[in-house]
Amino acid sequence: MVVEDFREQMTRANVGTPTQRKALMLLQGILRRALVRGLIPVNPAQLVGKPVQRPTRPPQPLTPVTVERIRANMLEPQTRIVPPAGAGKRPRREYESSIGTPRDRQRNALIVSMLAYAGLRPIEDRGCTWGDLQQRTLHVFATKTGQARDIDLLAPLAQDLAEWRMACGRPRDDELIVARPSGGRLTREDWANWRRRVWRPAAIEAGVTGDLRPYRLRGSFVSLLLWEGHSLTYVAEQAGHSVATLARHYAGTMRELESEPRIPAAEAIRQAREEVYGTHLGRTPKSRDDEDQANPQ
């Protein structure tokens, strides 16, 4: 009755369904330990039904061109309007420290590459060390499922990682691939700041609408592998999903790709980079300076 009353109190307080489910699952886990230790005869939380969660929103994968536009926006030195710190204060224009230095900008773009081209969950990229990186695979431990997986590296991502490793001065195997600028693991607050200050402005500038979570990039990775023609078993293994979960969440994406020509994922990324970097960072076959010298008039 106590557990049932607790659930009713959360409902009356308009606590969201996901939060209610997490709270009841946590309580059930605590009481399970009490049951194992013989402190209680039965787990009462297990007998109380959890609120039904609404179906999750279908994945909205971003195309390789959109992903590369986001990366290009992060790589460019930018001055952005910083929101006012308090009421009555005017916005101020300054360089954000998180996107200020070339090394910071390269790290930001690498995070996007790891999420979009390796399908990492946002928390997973924060735990990868250089020792987890092999020549062709990246070893990842999923804290969500408690299972490890080895992701086959796409060539463009392998190149991004190699360039980042050189920029970091060939770090030791036990050092993090993505760390705080001052060193150490990214905290939850660091990730929230990165989403707000770096990811969100770059995504909006690239034309992304609707769901603006970085988690959306996992769908981009799955779509790339499906577009290439891999089996559901292989894609599920690479993304850290079960086959049933993959088939359920990406059914619409798979139907849309049925009539599309198959293209290797690495080639799709290369084509996107050729298209995007022709107009970003001066990476053009003929730069503007060359054109001015060729046409001095």
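Which element gives the most to the lining of the largest pocket? In this predicted model, the answer is α2, with 4 residues.

The largest pocket holds about 1,700 Å³ of space. Its lining comprises 39 residues, and those closest to the pocket centre are Arg121, Lys144, Arg213, Tyr215 and Arg218. At least two residues of this lining are supplied by each of α2 (17-36), β4 (147-152), α6 (188-205), α7 (216-228) and α9 (243-249). When the lining of the largest pocket is divided by class, 15 of its residues are charged, 13 are nonpolar and 11 are polar.

For the second largest pocket, the volume is about 410 Å³. The lining of this pocket is made up of 22 residues, with Pro61, Thr63, Ser223, Trp227 and Leu257 lying nearest its centre. Two or more residues of that lining come from each of α3 (64-75), α7, α10 (251-257) and α11 (265-276). By class, the lining of the second largest pocket consists of 12 nonpolar, 8 polar and 2 charged residues.

Thr129 is located in the loop between α4 (102-118) and β3 (137-142). The relative accessible area of Thr129 is 18%, and this residue is therefore classed as buried, the cut-off for that class being under 20%. With residues up to four places away in sequence left out of account, Thr129 touches Asp173, Asp174, Glu175, Leu176 and Ile177.

Asn14, in the loop between α1 (2-12) and α2, has a phi near 60°, which is a positive value in a residue other than glycine. Because its relative accessible area is 69%, Asn14 is classed as exposed, a class that requires a value over 50%. Arg170 is placed in the loop between α5 (155-167) and α6, and its phi, near 50°, is likewise a positive value in a residue other than glycine. Arg170 also counts as exposed, since its relative accessibility is 63% and the class begins over 50%.

Conventions:
Residues numbered from 1 in each chain as written. Predicted model: local features only at pLDDT ≥ 70, side-chain atom pairs only at ≥ 80, totals over all residues. Heavy atoms only, no water. 1 Å grid on protein atoms, 1.4 Å probe; cavity = no way out; pocket = protein on both sides within 12 Å on 5 of 7 lines; lining within 4 Å. Points joined across faces, edges and corners; volume = space filled by probe spheres on them. Nonpolar A, V, L, I, M, F, W, Y, C, P; charged D, E, K, R; others polar. Buried < 20%, exposed > 50% of the residue type's maximum accessible area, 1.4 Å probe, protein only. Contact = heavy atoms within 4.5 Å.
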